[in-house]
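The sequence and structure come first, and the description follows.

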Amino acid sequence: MDTQEIFVNVILPLPLPNFYTYKVPKLMESEIEIGKRVLVPFGRHKFYSAIIYQIHSNKPQHYHAKNIVNILDTEPLINDKQLSLWTWMSEYYMCTHGEVMAAALPSAFKLASETKISIHPDFQGNISQLSEKELLIINTLSEKNSLTVKQIEKITNFPFAFSLIKTLIDKEIIFVCEEVELKYKHKTEPYLKLSEPYQSDKNALNLIFQELEKSKRTQKQSNALLFFVSLQQQLQNPLIPKNKLLVSDKFGESQLQALIKKGILESHQLIVSRLPDFKKENSPSEIILSQVQEIALKEIKEKFKEKETILFHGVTGSGKTEIYIKLIQEEINKGKQILYLLPEIALTTQIINRLRNYFGDKVGVYHSHFNNSERAEIWNCVAEKDNPRYQIILGARSALFLPFYNLGLV
């Protein structure tokens, strides 16, 4: 019987000179994978999301390894190429892996933890032996359920409240609970559809219309249902966004709730993208290069056979973008990804429009003007291998950290 223990070395988002080793509980061993995030305790009352850097069976000799608390990802958030880049950066710029991690990951992928104090569930309510400040803490907790250490210090006007908290913990009157918040959440929107009996049975739907039209009180519900069915046919989709319904004067919130209550309509929360769609209105016209551009393109391809990096010089407006588009198209045809770096965000609008006019919604943008959730969604889109939304990413320096798995051209 194999009783070998499994350990992981992790990168914490802190300026620490070494990796920290944690033990993997038996129930989690099958899920462990390099590049996944795990929740780990660090210090007395803090938890951090860390990246698995190594998996091994070398038990630490000079300290007891704590258990990881949870595995946060079903698939690795960081791939091998990214970890190699992080290691190179930590060596080249003489910084720690944790500092690179803190800079590279969108903050939506980082966990925030804060020590909270709550009344112990076994506390019987005996307050006869409590001091005035201890009683003040208990009375406030009975109203607010939980308090942070800083809040307790403010309430008691006691700058170092740890001694008070420790005494109450020892008496099993309060306990420390660590709240960990996962910052990134999928955006959802309400969608509506006909309940199952009315989707497949037109006679049942007709009977509902007849029933609703019998009374003036339910006539508006009948009109709303008719509008809903016509919108289904128009969009050729059984699921209709709620916001598309409520813009009509035929469909109000009261009619909606009445139809849901009667079991005619069902409401569902569906995950939607935070990122705008861009569709080409027309097929792009073929780019015809000038003789000078043709020569430059040929020279670049020849140089790529010898070197990975080419210096391509040309003044503004000299026609470099057309050559870039030709090179990008060749890499896209091979199924590759492309990173188009710009020195600053202010330059992106014109380039975005030119690339999207040619490549449509294959072009994604990544920079600091996006909020944290939008950046996390772009990160996930770049990492998607089966049906990638973006093959071309246009961004500033932070785009270098995105999880490219098949990068063909920078």
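In what order do the four strands of the open sheet with parallel pairing lie? The order is β13-β14-β12-β15. The model is a predicted one, and everything below is to be read as computed from it.

**The parallel sheet**

The edges of this sheet are β13 (363-366) and β15 (407-409), each of which pairs on one side only. From one strand to the next, the twist averages 35°. Two bridges link strand β12 (residues 337-341) with β15 in the parallel sense. In that pairing, Gln337 stands opposite Leu407 of β15. Helix α12 (residues 320-333) packs on the sheet and touches β12, β14 (392-395) and β15. The direction of α12 makes about 155° with that of β12.

Phe312 lies in the loop between α11 (291-304) and α12, while Tyr324 is in helix α12, so the pair ties together parts that are 12 residues apart in sequence.

**The antiparallel sheet**

Strands of a sheet pair through backbone hydrogen bonds, and the pairing can be parallel or antiparallel. A five-stranded open sheet has antiparallel pairing, with the order β2-β1-β4-β3-β5. Its edge strands are β2 (20-23) and β5 (70-71), each pairing on one side only. Strand β1 (residues 7-11) and strand β4 (residues 46-56) run antiparallel and are joined by five bridges. Phe7 has His56 in β4 as its bridge partner.

Two helices pack on this sheet. Helix α1 touches β1 and β4, and its direction makes about 105° with that of β4. Helix α2 lies across β1 and β4 and runs at about 115° to β4.

**Helix pairs**

| Helix pair | Residues | Packing angle | Distance between axes |
|---|---|---|---|
| α1 and α2 | 80-92 and 97-104 | about 120° | 9 Å |
| α3 and α4 | 132-144 and 149-156 | about 125° | 10 Å |
| α7 and α8 | 202-212 and 219-235 | about 150° | 8 Å |

With a packing angle of about 120°, α1 and α2 are therefore oblique to each other. Their crossing is right-handed. On the α1 side the contact is made by Trp86, Thr87, Met89 and Ser90, and on the α2 side by His97, Val100, Met101 and Ala104. By class, the contact of α1 with α2 has five nonpolar and three polar residues, and no charged residues.

The pair α3 and α4 packs at about 125°, which makes α3 oblique to α4. The crossing of α3 and α4 is right-handed. Lys133, Leu136, Ile137 and Thr140 of α3 make the contact with Ile152, Ile155 and Thr156 of α4. The residues of this contact divide into four nonpolar, two polar and one charged.

How are α7 and α8 oriented to each other? The angle is about 150°, and angles over 145 degrees count as roughly antiparallel; α7 and α8 are therefore roughly antiparallel to each other. From α7, the residues Leu205, Ile208, Phe209 and Leu212 meet Gln219, Gln221, Ser222, Leu225, Leu226 and Val229 of α8. The contact of α7 with α8 has seven nonpolar residues, three polar and no charged ones.

Notes. Residues numbered from 1 in each chain as written. Predicted model: local features only at pLDDT ≥ 70, side-chain atom pairs only at ≥ 80, totals over all residues. Heavy atoms only, no water. Pairing = 2+ DSSP bridges. Axes fitted to C-alpha atoms, helices over the stretch in contact; angles between N-to-C directions. Contact = heavy atoms within 4.5 Å. Parallel < 35°, antiparallel > 145°, perpendicular 65-115°, else oblique. Left-handed = near helix turned anticlockwise from the far one by under 90°. Nonpolar A, V, L, I, M, F, W, Y, C, P; charged D, E, K, R; others polar.
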